[in-house]
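Subject: Handing over the two-chain model

Dear colleague,

I am passing on the structure that we talked about, and I would be grateful if you could look through it with the notes below at hand.

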Amino acid sequence: MSGTFQTQVMLSRPYLTRSQIKRAQQNTIPDRRVYNQKRLSAFKLLCDMCVQLKFPRKTLETAMYFYQRYYLFNKFETELCYDVATSCLFLSCKQVETIKKIADIVVASLRLRNVLKVSPEMQDNCKKRIVQLELRILETCSFDYRVNNSIHIDGILVKIAKDLSLSREVTHLAWIIAFDALKLEILLMVPQHTIALAVLKISCELIEGASWPNIRYSLFESDEPSVSEAYFDILNFFINVFDLSDLRGNLTENLQNIGIETFIELKKHAGLEKGLKEPDNISSDALLTNERDFTIRERRYVLSRKRINDERSNKHIQKKEKT
Amino acid sequence: MISRTEYSKEKKVGEGTYAVVYVGTKRSSNRRIAIKEIKTSGFKDGLDMSAIREVKYLQEMQHANVIELVDVFMAQNNLNLVLEFLPADLEMIIKDTSILFTQADIKSWLLMTLRGVHHCHRNFILHRDLKPNNLLLAPDGQLKLADFGLARNMGSPQEFLTSNVVTRWYRAPELLFGAKHYTGAVDMWSVGVIFAELMLRIPYLPGKDDIDQIDVTFRALGTPTDKDWPEISTFGTYNKIQFYPPPSREELRRRFIAATENALSLMSGMLVMNPHKRLDPIQCLTSEYFLELPEPTLPSELPKLNKN
C-alpha cells in the first residue's frame, strides 16, 4: 500500500513512567546535559513572561507540561527551544482561557531574550514559527483535553487542604513548594491532583506540630504509587538542588531552618523509595521507540483503547464476512 | 495499526471563518459524517479558539441531544474534526412556512433542547451560543446541541468571563449589562427565547444592534428593578435605560395565543430578569408543562424539511 494512502490510529497516553520518558528521549535528546541546561533557561523565560503578562500559575503550569511533552516526540535543537517555549505559552493561554494576542506574547518573549532591537520583520518571523509549532505541540499531546483542563496544582491543592482541615501555614508552604514542582518531569508522569497531594504531605512533614492525615488516596481519585512517585521526585529535587530552588528564597522567617538536611532526613524516614510500576514492554513500545512518521496521510487521535479495540474487531468481522 | 484512510471527503457543504465543512463517509462503518477542516494558515492568532473549544468540550460529552465528535485527525498539516452528519436545523424548520407544527412538536423540541443543556451544565460547561440555528436535527428526529465554539468551563468564582457572547437576539439581560460573572442561567434565557420563537414562528426579541437589544428586551418583558434584582444598580449602564412596566399575564396570553398556562409559566420562568431566580434545567424538565397533555411528539414523528 502506498504511503500516501494510509491512516494511523494513535491512542492518547498523557502520562508515562520515568523509564518510558527516558526511552522516548533517547530518540529526541542527543545530549542530556545541554537539554537540561536549556530547559532551565526556557523555564526561566516562561516564568518571566508570565510575570510580565500577569498570567496565573495555571498558564505557566500548562506551558511547562507542553514544553516537556513536546521534546518527548520531537528532536531537541538548541536554536529553536525558546520559540518552542513561547509557542507552548501561547497555546496554554488558549487552553486555560487567559487569552493574549500573539503580538504581545512575541514582543514579551523577544524582549526577555535580550533581543535589543525588535524589528517588525523579526516579530513576523517569530509569529510564523510559533503558529507552525502550535499544531505540532497539540499533536504530541494527541489533542487530549482531559489533561491541563480544569484541574491545576495550585487550585486543587487549596481545595484538598480545606477538605483535610490543614492549617493555613501548611497550605501556604505547600503552595510555594508546588512552584518548584512545576519544573520537574513529574508533570509528565502523574496528574496535577496527585502532585498536590504529595506536596501537601511534604509540607505537613516540614512544619512542626502538623501531621499528614493517614488517608486513603482513592478518596481523591489517586493512589499510593502515584503519590509516592511525586513525593520522592520532589524530595530528590530539593536534596539535589535546594540552593537553586525557589523555595529557599521564599521561606518565611519561622521556617528558615529548612535546608538540604531537612529533606535528607525526610527521605530517611520515608523508607525505601517507591513509585509507579515500570512496565516490561518498554523496548517494544512503538509510541516510545519509533520516531513519528509525519508522512502518513491521516493521523487519528483517540482517547480510549476501547475505541481501537472495537474498530479492530469490526474490521475482523468485515473481513470474515467478505471471505 | 495502519490501513487505508478512514475518512473520505465527498462534497463541500459550507465554509465559515475558521473552517470548511465537508460531507463524507467513515469507511469502516459506512457512516455518513461531517468533516470540519480547520483552516490554519492565514490566521494571525494561530489555531482558532473555536476549534480548540469544540474539541475540548465535545471530546468527553456523549449524550443523545449533544452532537457527537466522532474523531479528530491530522491530514496534510490540517486539523480535521469528524462530527455527526446532521442535515437540518431548527431555524430551517421554523422559517419553512410550508411546515405546520403542533404544540406537541414544540414540546418535543424543547424537551430535547433542555436535556442537552442539562447535560452540559451538569458537566460544568456553558454553551453560550444557543439559538435555533445551532440546534441541529438528525434524520431520526433527535435534536442535538451543536457549535461549541463559544463554550467554556463554568470557571472559578474569581475568574472574569467576557460578556460578549451569545448571538444578540438570545442574549440574557446580565450579558446586555456587561456582567463579568455569570452562570448557566445565560443558556436558560436563550432557551426561553427559543421557546417563544417556536410558538410565534418569528424571532421574539430581534434587536437591531446591541443598544436596541436592551430596548427590545425590556419593552417586551419589562425593565428589571432593584426590588426583584438587587445587584442591578451595580451595572453602570442601568441608570441610562428607559423604564418599561412588565407585561401582565393577560398581555402574554394575547401574544402567545396557543400557549397553555403551564407553557406560559415555564417560558416566563426562563425569562426571569434576575439570573439567580431564573429556572434551571432541572426545574424546567420537571415543570407541569411536561406533565400535561399533549405528550411530546416522538422524535421520529416530528415534522421534517420537505426536501426537493
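What follows is a short account of what was found, taken part by part.

Please keep in mind that this is a predicted model, in which local features need pLDDT of at least 70 and side-chain atom pairs count only at pLDDT 80 or more, whereas totals for chains, interfaces and linings use all residues. Residues are numbered from 1 along each chain as its sequence is written, while chains are lettered from A and ligands numbered from 1 in the order in which they are written.

Domains of chain A

The domain assignment of chain A gives domain 1, covering 9–140, and domain 2, covering 153–270; such bounds come from an automatic or database domain assignment. The C-alpha centres of these two domains lie 26 Å apart. Between them, 14 residues of domain 1 of chain A are in contact with 11 residues of domain 2 of chain A, where contact means that the C-beta atoms of two residues, placed from the backbone, lie within 7 Å. On the domain 1 side, helix H1 (18–28) and helix H3 (57–73) of chain A each supply at least two residues, and the largest share, eight residues, comes from H3(A). Helices (H or I, at least four residues) and strands (E, at least two) are DSSP runs, numbered from the N terminus. That side of domain 1 divides into seven nonpolar, two polar and five charged residues, if Ala, Val, Leu, Ile, Met, Phe, Trp, Tyr, Cys and Pro count as nonpolar, Asp, Glu, Lys and Arg as charged, and the others, Gly among them, as polar.

Chain B

Chain B has nine helices and 11 strands. Its radius of gyration is 20 Å, close to the 19 Å that the globule rule gives for 308 residues, so chain B is as compact as a globular protein of that length; the radius is taken over C-alpha atoms, and the rule is 2.2 Å times the number of residues to the power 0.38. Buried residues make up 40% of the 308 residues in chain B, a residue being buried if 20 or more other C-beta atoms lie within 10 Å of its own, exposed if 12 or fewer, and partly exposed in between, with C-beta atoms placed from the backbone. Ile282(B), which has its place in helix H9 (residues 281–285) of chain B, is exposed, because 12 other C-beta atoms lie within 10 Å.

Strand S2 (residues 7–15) and strand S3 (residues 19–26) of chain B run antiparallel and are joined by seven bridges, and two strands pair if DSSP finds at least two bridges between them. S2(B) and S3(B) form a hairpin with three residues between them, and the bridge partner of Lys11(B) in S3(B) is Val23(B).

Where the chains meet

Across the two chains, 31 residues of chain A are in contact with 29 residues of chain B. The side of chain A that touches chain B has 12 nonpolar, seven polar and 12 charged residues. In S5(B), the bridge partner of Glu298(A) is Ala75(B).

With best wishes
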